[in-house]
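Open the model in a viewer and keep the selection panel at hand. The stops below say what to select next and what is there.

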Amino acid sequence: MRQSFGIIGLGVMGKNLARNLAGKGISLSLFNRFEKGVEENVAVDFISHHAELSTTLGFENLSAFVQSLEGPRKILLMVKAGVAVDAVLQELRQFLAPGDIIIDGGNSHYKDTQRRIDSLKMDDIQFIGCGISGGEAGALNGPSMMPGGDQKTYNLIAPILEMIAAKDKSDNPCCTFIGTGGAGHFVKMVHNGIEYAEMQLLAEIYYIIRVGMGKTPDEIAAVFESWNDDGLGSYLLEITVNILRKKEGNGWLIDQILDQAGNKGTGSWTTIAAAELGVPITMITSALFARYVSAFKSERLQANAMYRPITSGKLKVTSQNLKNAYRTSRLINHHQGFHLLSAASESFGWQLNLSEIARVWTNGCIIRSGLMEELVDNLANTNRLLKSPAFSSKAKSDWIDLANVIASAVHAGLAVPCLSAGIQFLNGYTCASSPANIIQAQRDYFGAHTYRRVGDESGESNHTDWLEDKNK
């Protein structure tokens, strides 16, 4: 009797997905590479520690692993994105047969996914790029899943993926076919970009309250908890409350964590994709660069000694001011993220269902929230959230609070790049006239790039000899 599903790669995510699958009655074969003295007997040892894996088979030989699976084989790759995926595929494909299905569940770049689809198609091997969000707990209890590739191939694995996915409020799986090619991994990439900005916003609000207002982590946790219970609920807000309350000895653990943020590349990929598609995701980009700035710790310490103090005393803002600023900043962030998805869908012919993507993100994933629940209905009618009457009214009412919070923070010498990027985008997005006419004139002056004239609906390009009068 052969097994119905295989997993290659037993890191944290691979192990927890295995337990999730086995707990749903899926017969499994697990493979982890053998590296003497570093990784030995990983699969077998893992299986021995969990009762739900009693019928699971463990391997360190790839050929034997493949042969243990029933056809068409269904194999989930949970290895590090990049060259590691290509290396595994190169070794694996010699053991596969036409019709076998490979699912890449890592954070692969969407262009790599498309390339792998095209390459494996030559051997009639099917490849699905599946974004998976939810972290360790999500993988075990139900993640949000974003598979893309070929629809017919997805239909063959849908019962398994949808079985282990998180469930939305109507008990439907937070897993759906996203679109062709690399669409699944693109959507997961944008998910992670939105996540970057959501995390940075909370960090900046925390910073304002802690440094600018002199509150303790426990007091900040109480503020955030009240927001979580009052319409701003989200997974990230919830875990931030828990983080702020975590003690170590007589103090708070947060005060012992070095302020250098890491990243795994998806934030930069999202920024690059947005630049290629011409979409202004200013908040995601600011959040990414804030992490980059944080990395220069020693340089920041030197600059601090040169320039500080720059302060105007404690900030005179209220919890309600901060709440309103946070609420509208999040709305702008989601507007920008879904705008990028909309642009990619049009550019690549993916026909992305934005409402369905929001639904998949209502549970299991890192950016699940009450706001995401609201977006499901709104995105059925628009692909620009700030143009939705339900949200534009909130943004209008919160605008002044957002401006005042940012102004107060800047005067106090506090860096709030993501909040600032949000209001600057809102200012520009809602402005009937902009200074871009100067940019166009400059471009025409030095490069004869031409410009269009106000009121000319013909689209005709114009060029001016800007030195004509001077030369007479």
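Start by selecting Pro72, which is found in the loop between helix H3 (62-67) and strand S4 (74-77); helices (H or I, at least four residues) and strands (E, at least two) are DSSP runs, numbered from the N terminus. Show the backbone on both sides of the bond between Gly71 and Pro72: this peptide bond is cis, with omega at about -15°. The model is a predicted one, in which local features need pLDDT of at least 70 and side-chain atom pairs count only at pLDDT 80 or more, while totals for chains, interfaces and linings use all residues. Residues are numbered from 1 along each chain as its sequence is written, and side-chain values use heavy atoms, with hydrogens and water left out.

Most residues other than glycine have a negative phi, and most peptide bonds are trans. Select Asp124, in the loop between helix H5 (110-121) and strand S6 (126-133). Asp124 is not a glycine, yet its phi is positive, about 60°. Its relative accessibility is 39%, so Asp124 counts as partly exposed (buried means under 20% relative accessible area, exposed over 50%, partly exposed in between, with a 1.4 Å probe and protein chains only). Then go to Ala448, in the loop between helix H19 (436-447) and helix H20 (468-471). Ala448 also has a positive phi, about 50°, without being a glycine, and with a relative accessible area of 44% Ala448 is partly exposed.

Now colour the aromatic rings. Rings of Phe, Tyr and Trp (its six-membered ring) pair if their centres lie within 6.5 Å; planes under 30 degrees apart count as stacked, over 60 as edge-to-face and the rest as tilted. By this rule there are 16 aromatic pairs. Select Tyr154 and Phe177: the ring centres are 5.8 Å apart and the planes lie at 40°, so this pair is tilted. Tyr154 belongs to helix H7 (residues 151-164) and Phe177 to the loop between H7 and helix H8 (183-212), so the pair ties together parts that are 23 residues apart in sequence. Both Tyr154 and Phe177 are buried.

Move on to Phe338 and Trp361, whose ring centres are 5.6 Å apart with planes at 55°, so this pair is tilted. Phe338 sits in helix H14, and Trp361 in the loop between helix H15 (354-360) and H16. Phe338 is buried, at 0% relative accessible area, and Trp361 is buried, at 0%. For a cluster, select Tyr110, Phe186, Phe348 and Trp350 together.

How far apart are the axes of H14 and H16? They are 12 Å apart, and the helices pack at an angle of about 50°; axes are lines fitted to C-alpha atoms, for helices over the stretch in contact, and angles run from 0 to 180 degrees between N-to-C directions. H14 and H16 are therefore oblique to each other (angles under 35 degrees count as roughly parallel, over 145 as roughly antiparallel, 65 to 115 as roughly perpendicular and the rest as oblique). Show the side chains of Arg330, Leu331, His334 and Phe338 in H14, which meet Leu371, Met372 and Leu375 in H16; contact means heavy atoms within 4.5 Å.

Finish with helix H17 (residues 389-411) and helix H18 (residues 417-429), packed at about 135° with axes 10 Å apart. This makes H17 oblique to H18. In H17, select Trp399, Leu402, Ala403 and Ile406, which meet Leu419, Ser420, Ile423, Leu426 and Asn427 in H18.
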